[in-house]
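This report is written for a reader who is meeting the structure for the first time. It begins with one side chain and then widens to the whole chain.

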Amino acid sequence: MATCTRTRLAILDRNPHVREFLCREFEALGFAATALRDSAELAASLASQSPPEVVVVDPEALDLTVQLPGPLAGRLANLASRVPLVLHVFPEAEIPAGGFGAAGAQVVEKQADTRELNLAVRAALAGWGARSSDRKGEGA
């Protein structure tokens with residue numbers, strides 16, 4: 001019996017309309033997308049039996065909650081060390097070089113067209129695969 005495996009994607013944005021829109025867009029592209037309201041839902045999703053394989057996050061959504069301890073940069077870096085990460089930001093957001101210290105994170109400006117976000121999600125996944133291969137090679 002063939003199993004359809006779709007890449008699990010979590011979307012955390014403070015705007016429920018944006019979350020649902022992005023879920024619909026990524027579902028249409030073949031992802032299994034889940035909308036998350038806050039960092040508590042993100043933490044539960046990461047600890048679940050089927051954690052997301054990539055996370056799209058609006059840094060402002062993390063910054064507005066107190067569920068995750070520490071400064072925003074530390075929270076994003078911790079998240080990026082656990083799962084491929086795409087920071088979905090407003091064009092006027094002042095993103096420091098390196099995406100707040102979240103190594104390997106992709107940074108994409110919010111816009112109505114999701115093509116750039118789709119490319120960033122795929123790049124984050126590809127980059128994660130390369131990082132995993134590098135880690136395996138280090139122990140050999």
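## A buried aspartate

The side chain of D13 makes a polar contact with the side chain of K110, at 2.7 Å, where a polar contact is a pair of N or O atoms within 3.5 Å, of which, within protein, one must be able to donate a hydrogen and the other to accept it, residues adjacent in sequence counting only if both atoms are side-chain atoms. A polar atom of the D13 side chain also lies 2.8 Å from the backbone nitrogen of N15. D13 is found in the loop between strand 1 and helix 1, helices (H or I, at least four residues) and strands (E, at least two) being DSSP runs numbered from the N terminus.

With a relative accessibility of 2%, D13 counts as buried; buried means under 20% relative accessible area, exposed over 50%, and partly exposed in between, with a 1.4 Å probe and protein chains only. Not counting residues up to four places away in sequence, D13 touches V18, R19, L36, R37, D58, A61, H88 and K110, contact meaning heavy atoms within 4.5 Å.

## Basis of the model

This is a predicted model, in which local features need pLDDT of at least 70 and side-chain atom pairs count only at pLDDT 80 or more, while totals for chains, interfaces and linings use all residues. Residues are numbered from 1 along each chain as its sequence is written, and side-chain values use heavy atoms, with hydrogens and water left out.

## The sheet and its helices

The secondary structure of the chain comes to 5 helices and 5 strands, which follow the pattern β-α-β-α-β-α-α-β-β-α along the sequence. The 5 strands form an open sheet with parallel pairing, in the order 2-1-3-4-5; two strands pair if DSSP finds at least two bridges between them. Strand 2 (32-36) and strand 5 (106-109) each have a single partner strand and stand at the edges, so one side of each is left without a neighbour in the sheet.

Strand 1 (residues 8-12) and strand 3 (residues 54-57) run parallel and are joined by 4 bridges, and L12 stands opposite V57 in strand 3. Helix 1 (residues 16-28) packs on the sheet, where it touches strand 1, strand 2 and strand 4 (85-89), and its direction makes about 175° with that of strand 2. Helix 2 (residues 39-46) lies across strand 1, strand 2 and strand 3, and runs at about 145° to strand 2. For these angles, axes are lines fitted to C-alpha atoms, for helices over the stretch in contact, and values run from 0 to 180 degrees between N-to-C directions.

## Two nonpolar cores

A nonpolar core is a set of buried Ala, Val, Leu, Ile, Met, Phe, Trp, Tyr and Cys residues joined through side-chain atoms within 4.5 Å. The largest has 17 residues, of which L12, L42, V55, V57, L79, L85 and L87 touch the most other members. At least two residues of this core come from each of strand 1, helix 2, strand 3, helix 3 (59-63), helix 4 (72-82) and strand 4. Apart from it lies another core, of 15 residues, which includes L9, L22, V86 and V108.

D113 lies in the loop between strand 5 and helix 5 (115-139) and is partly exposed, with a relative accessible area of 31%. The side chain of D113 makes a polar contact with that of R115, at 2.4 Å.
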